[in-house]
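Reader: I would like to go through the terms used for this model one by one. Please set each value against its cut-off.

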Amino acid sequence: MISGPHRKALKGGEPDTTNNRMELMAAIQALRALDRPCRVALWTDSQYVRKGITEWIHGWQKRGWITASKQPVKNAELWRELLAETQRHEVEWHWVKGHSGHEGNEAADRLVNEAIDDVVDQRRRAAPQR
């Protein structure tokens, strides 16, 4: 996160998850970390997150969290959390191609890899010793 001269790096993970859930959690946690309502430019390499929050979510809400193909919305609880966070802020959503040299995206990828390593290490320590 960058605000003027201030920078804050956030990372986290959970075992047995999906990329889409972690992309959603990244956006939720970034917005949640803001102490007060802000104007935010949020960059993501996830079209799932960007299109989901700017386009698809309106239809999902109208249909009672059912997709256009009549299936339950995957990760609906996270979409609800993200929607609640976006209502606290004025968010401008941007998409950036992943692994294309974008400084912020490359930094995010490094944090993701650190978080994955942390989860693996936690699992290793929690595993019974043989």
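**Terms and values**

Author: In α2, the residues Y48, V49, R50, G52, I53, I57, G59 and W60 are buried. This is a predicted model, in which local features need pLDDT of at least 70 and side-chain atom pairs count only at pLDDT 80 or more, while totals for chains, interfaces and linings use all residues. Residues are numbered from 1 along each chain as its sequence is written, and side-chain values use heavy atoms, with hydrogens and water left out.

Reader: What makes E85 buried?

Author: Buried means under 20% relative accessible area, exposed means over 50%, and partly exposed lies in between (1.4 Å probe, protein chains only). E85 has a relative accessible area of 10%, so the residue is called buried.

Reader: Why is W43 called partly exposed?

Author: The relative accessible area of W43 is 47%, and this value falls between the 20% and 50% limits, so W43 is partly exposed. W43 lies in strand β3; helices (H or I, at least four residues) and strands (E, at least two) are DSSP runs, numbered from the N terminus. Setting aside neighbours within four places in sequence, W43 is in contact (heavy atoms within 4.5 Å) with H94, W95, V96 and H102.

Reader: How many residues does the largest nonpolar core have, and which have the most contacts inside it?

Author: That core has 21 residues, and W79, L82 and W93 have the most contacts inside it. At least two core residues come from each of α1 (19–32), β3 (39–44), α2 (47–62), α3 (76–88) and β4 (90–95). The term stands for a set of buried Ala, Val, Leu, Ile, Met, Phe, Trp, Tyr and Cys residues joined through side-chain atoms within 4.5 Å.

Author: The expected span of a helix is 1.5 Å times one less than its number of residues. With 16 residues, α2 reaches 21 Å from its first C-alpha to its last, close to the expected 22 Å. A kink of about 60 degrees in α2 is centred on W56, where the bend is the angle between axes fitted to the seven residues ending there and the seven starting there. The cover over the buried residues of α2 includes α1, β3, α3 and β4. After α2 comes G64, with a positive phi near 70 degrees.

Reader: Why is the pair of E81 and R32 called a salt bridge?

Author: A salt bridge is a side-chain nitrogen of Lys or Arg within 4 Å of a carboxyl oxygen of Asp or Glu. The closest N and O atoms of E81 and R32 are 2.9 Å apart, so the pair meets the definition. E81 lies in helix α3 and R32 in helix α1, so the pair ties together parts that are 49 residues apart in sequence.

Reader: What makes E85 and R32 a salt bridge?

Author: Their closest N and O atoms are 3.5 Å apart, which is within 4 Å, so this pair also counts. E85 lies in helix α3 and R32 in helix α1, so parts 53 residues apart in sequence are tied together. E85 also meets R88 in a salt bridge (3.0 Å, N to O), and both lie in helix α3, three residues apart, about one turn of the helix. Through shared partners, salt bridges join R32, E81, E85 and R88 into one network. The structure holds five salt bridges.
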